[in-house]
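Subject: Structure handover

Hello,

Here is the structure for your files. My notes on it follow below the picture.

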Amino acid sequence: MSKPVRAGDKPIAVEVEAGQNYFWCACGLSQKQPFCDGSHKQTDFTPLKYTAEESRKVFFCCCKVTASQPLCDGSHNK
């Protein structure tokens with residue numbers, strides 16, 4: 001598998017906590033979107049670590065084609 005699976009058409013809003021690590025699903029196969037559940041193990045993908053710099057709401061990409069991984073950049077609208 002060389003292309004990610006589109007896991008959704010809209011980003012998922014998550015309240016992140018400063019200093020916490022989050023592992024974004026890059027393959028699109030996770031059942032716990034937008035986060036990794038280990039489903040990538042039979043693919044060429046690995047999850048992407050995101051460390052929150054501050055506590056706030058962020059929007060994680062689900063279409064998997066964002067240029068600003070792991071956060072949404074509106075690519076799902078194109």
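What share of the 78 residues in the protein chain is buried? Buried residues make up 37% of them, where buried means under 20% relative accessible area, exposed means over 50% and partly exposed lies in between (1.4 Å probe, protein chains only).

Two remarks on method. Residues are numbered from 1 along each chain as its sequence is written, and side-chain values use heavy atoms, with hydrogens and water left out. This is a predicted model, in which local features need pLDDT of at least 70 and side-chain atom pairs count only at pLDDT 80 or more, while totals for chains, interfaces and linings use all residues.

Overall layout

The protein chain has four strands and zero helices; these are DSSP runs numbered from the N terminus, with helices being H or I of at least four residues and strands E of at least two. The order from the N terminus is β-β-β-β. The radius of gyration is 12 Å, close to the 12 Å that the globule rule gives for 78 residues, so the protein chain is as compact as a globular protein of that length. That radius is taken over C-alpha atoms, and the rule is 2.2 Å times the number of residues to the power 0.38. Along the principal axes, the C-alpha atoms fill a box of roughly 35 × 30 × 20 Å.

Of the contacts with a separation of 6 or more, 58% are between residues 24 or more positions apart; contact means heavy atoms within 4.5 Å. The protein chain exposes about 5,000 Å², and carbon and sulfur atoms supply 47% of that (Shrake-Rupley method, 1.4 Å probe; for residues, only the protein chains shown count as cover).

The core

The largest nonpolar core has 14 residues. Such a core is a set of buried Ala, Val, Leu, Ile, Met, Phe, Trp, Tyr and Cys residues joined through side-chain atoms within 4.5 Å. Those with the most contacts inside it are Val-16, Tyr-22, Trp-24, Tyr-50, Ala-52, Val-58 and Phe-60. The elements that give two or more residues to this core are β1 (12-16), β2 (21-24) and β4 (56-60).

Leaving aside neighbours within four places in sequence, Val-16 is in contact with Tyr-22, Tyr-50, Ala-52, Glu-54, Ser-55, Arg-56, Val-58 and Phe-60. Ser-55 lies in the loop between β3 and β4 and counts as exposed, at 52% relative accessibility.

Loops and backbone

His-40 is in the loop between β2 and β3 and is buried, with a relative accessible area of 15%. Not counting residues up to four places away in sequence, His-40 touches Cys-27, Phe-45, Thr-46 and Pro-47.

Another cis peptide bond joins Gln-69 and Pro-70, with omega of about 5°; Pro-70 is in the segment after β4.

Lys-64 is found in the segment after β4 as well. Although not a glycine, Lys-64 has a positive phi of about 70°. At 4% relative accessibility, Lys-64 counts as buried.

Regards
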